[in-house]
Amino acid sequence: MLILFNVAICKPLTRFFYGGAVFLSACVAADAHEFWIEPETSQIERGDKIIARLNVGQDLRGSSYSYLPQRFDRFTYTVGDTTAPVEGRLGDNPALDMATSDNGLHIIAYQSNSEILTYTQASKFEEFLEYEGLDWVLDAHKNRGLPETQFKEAYTRYAKSLVQVGPFDDAATQRDRPVGLPIELVAAQSPFKPDTTSIDVLLLRDGKPLPNIQVATFQQRSDGVFDRRLTRSNEKGKAEISLQGNGFFLVSAVHMEETDPTEFDEDVVGRKPVWKSLWASLTFRLDR
């Protein structure tokens with residue numbers, strides 16, 4: 001397993017006492033990579049609960065976040081024309097546990113707060129870029145005259161998950177759609193349609209197609225087999241995703257941008273992030 005970056009400063013483990021319960025919060029481990037929403041099931045009946053965890057890790061293995069509003073800018077669900085916040089109690093884990101009252105596709109969306117990491121080894125930055133298909137960034141980094149180590153990156157996670165409530169049909173309420181995340185993956189066809197063996201996903205940046213970005217599909221099949229497949233978005237921002245077999249699917253893409261000089265505050269030694277990474281993920285579970 002690749003360890004992709006080092007975090008220079010890590011907050012100590014903190015205990016929160018609330019209502020008699022104890023909740024633990026710790027910094028993400030240095031090798032934590034993907035962030036995703038993982039529902040227990042993605043096909044339920046109206047009135048059943050959607051239960052899902054907020055997971056961070058790599059290759060679909062890792063740890064889960066509790067419901068902590070200080071961690072996110074947005075945590076919502078959309079069904080039809082209605083978008084509402086996901087309600088929870090401080091420290092709930094799973095972070096999402098809500099009953100449903102409407103049929104149709106439920107789109108869960110999560111936007112984390114931005115976090116800052118410091119690269120203390122040049123090799124970690126290079127490994128990260130290679131893994132995510134971002135080789136162009138290394139040349140751009142050198143051309144900007146940036147140092148090989150002790151530079152900062154800001155990263156933000158934008159996660160979506162699809163849950164089908166009630167029977168599938170071709171109505172508009174059954175379709176994924178943009179929900180306004182700065183970067184997001186949108187399923188052009190429903191993965192829950194019977195006999196579907198592949199779908200297109202659209203990668204958007206501020207609502208516009210984002211071409212030539214690596215798109216990774218992680219699949220944990222029902223028989224226990226794990227797979228990671230790579231493709232790239234085309235000029236229209238689309239990538240085809242295979243849905244062979246059942247199990248849990250995570251579609252992920254990472255986009256890197258130079259930071260605006262006014263975008264972040266300096267740290268105690270007068271440094272600002274020189275890169276920002278935007279992480280998009282889309283998940284669903286198939287049991288056909």
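**Strands, hairpins and aromatic rings**

Strand β7 (residues 72–79) is largely enclosed by the rest of the structure, because six of its eight residues are buried. Buried means under 20% relative accessible area, exposed over 50% and partly exposed in between, with a 1.4 Å probe and protein chains only. Strands (E, at least two residues) are DSSP runs, as are helices (H or I, at least four residues), and both are numbered from the N terminus.

The model is predicted, so local features need pLDDT of at least 70 and side-chain atom pairs count only at pLDDT 80 or more, while totals for chains, interfaces and linings use all residues. Residues are numbered from 1 along each chain as its sequence is written, and side-chain values use heavy atoms, with hydrogens and water left out.

Now to the partners of β7. Two strands pair if DSSP finds at least two bridges between them. Strand β10 (residues 104–112) pairs with β7 in the antiparallel sense over six bridges, and Arg74 stands opposite Gln111 in β10. Strand β8 (residues 82–85) also pairs with β7 in the antiparallel sense, over four bridges. Val79 has Thr82 in β8 as its bridge partner. The hairpin of β7 and β8 has two residues between the strands, and Gly80 there takes a positive phi near 60°.

A further hairpin is formed by β16 and β17, with four residues between them; Gly224 in the turn has a positive phi of about 95°. Strands β16 (residues 214–221) and β17 (residues 226–232) run antiparallel and are joined by seven bridges. Gln214 has Arg232 in β17 as its bridge partner.

The aromatic rings come next. Rings of Phe, Tyr and Trp (its six-membered ring) pair if their centres lie within 6.5 Å; planes under 30 degrees apart count as stacked, over 60 as edge-to-face and the rest as tilted. By this rule there are 15 aromatic pairs. One of them joins Tyr67 and Phe72 edge-to-face, with 5.7 Å centre to centre and 65° between the planes. Tyr67 counts as buried because its relative accessibility is 8%, and Phe72 is buried at 14%. Ring pairs link Tyr67 and Phe72 with Phe35, Tyr65, Phe75 and Tyr110 into a cluster.

Charged side chains also meet rings. A charge sits over a ring if NZ of Lys or CZ of Arg is within 6 Å of the ring centre and within 35 degrees of the ring normal. Arg144 lies over the face of Trp275, at 4.7 Å from the ring centre. Arg157 lies over the face of Trp279, at 4.3 Å from the ring centre.
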